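I opened my notebook to look up a few side chains and who they sit beside. Here is what I wrote down.

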Amino acid sequence: MPGSRRRIWFAIGVLATIAVPVGAVFGGTVKPFLLADLDGGGGVNIDLAVRQVTVTPVRAHVGDVVRVDVVIENKAEGSQTTSAHLLANGKVVASELFTWGWSPGERLHRLSFAWDTRKAPPGEYRIGVQAYVREDTSPFDNRLDVTQPLLIVPAGSAFPGGGAAGGSATETDPRFDTSRIGG
């Protein structure tokens, strides 16, 4: 029975650690003590990375809808609802909330933006996506820009060089294992 006694004392120690407020142990003011912080702060390693951005079409007319598909990876711990922002020449043109971190098996998050270009003046646009979390331990990978610019011409106009509307461009973070993206 010595093993049983040890287990009982261990269980009592664990329960006392959970049940006794920190301040009470030190004779001070009673304060709450969190064993796990699930809201994304204090001691939890937060690390989101924008891994892939695909723009379709890359040649469009004013008024066309440009679709931007994104893969964001939760590389660490925590759970939050965060905004992802679609950027055109560095300006936010669309935002979408997404929740990450509910399940360790759900590391990749796929988002799609539909940018209506009716109010966009003709020109070249650098498209990027940013998913920023204030507590992120490595914010350098929270944004990914597509190298090939999106060309928007006036409605009914021809494209330079006689090209047609359409095409797509994908930018993938070179550190990302694309075999995990799946079908």
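**Ground rules.** I'm working with a predicted model, where local features need pLDDT of at least 70 and side-chain atom pairs count only at pLDDT 80 or more, while totals for chains, interfaces and linings use all residues. Residues are numbered from 1 along each chain as its sequence is written, and side-chain values use heavy atoms, leaving out hydrogens and water.

**Entry 1: rings.** I looked up tryptophan 115 and tyrosine 125, and both are buried (under 20% relative accessible area with a 1.4 Å probe, protein chains only; exposed is over 50%, partly exposed in between). My search of the whole structure for aromatic pairs turned up one (Phe, Tyr or Trp rings, using the six-membered ring of Trp, with centres within 6.5 Å; planes under 30 degrees apart are stacked, over 60 edge-to-face, the rest tilted). The ring centres of tryptophan 115 and tyrosine 125 lie 5.6 Å apart with planes at 80 degrees, so I noted the pair as edge-to-face. Tryptophan 115 belongs to strand β6 (residues 108-116) and tyrosine 125 to strand β7 (residues 123-125), 10 residues apart (strands are DSSP runs of E, at least two residues, numbered from the N terminus).

**Entry 2: aspartate 141.** Where is aspartate 141 found? I located aspartate 141 in the loop between β8 (127-131) and β9 (143-145). Aspartate 141 is buried, at 2% relative accessible area. I also found its side chain in a salt bridge with that of lysine 75, at 3.2 Å from N to O (a side-chain nitrogen of Lys or Arg within 4 Å of a carboxyl oxygen of Asp or Glu). Those two partners are 66 residues apart, with lysine 75 in the loop between β3 (65-74) and β4. Lysine 75 is partly exposed, at 36%.

Entry 3: I counted nine salt bridges in the whole structure. One of them joins aspartate 116 to arginine 118, with the closest N and O atoms 2.5 Å apart. Aspartate 116 is partly exposed at 31%, and arginine 118 is exposed at 61%.

**Entry 4: threonine 82.** Threonine 82 sits in strand β4 (residues 80-88). Is threonine 82 buried or exposed? I have threonine 82 down as buried, at 4% relative accessibility. Skipping residues up to four places away in sequence, I found threonine 82 touching several residues, including Glu96, Leu97 and Tyr132 (contact means heavy atoms within 4.5 Å).

Methods: Helices (H or I, at least four residues) and strands (E, at least two) are DSSP runs, numbered from the N terminus.
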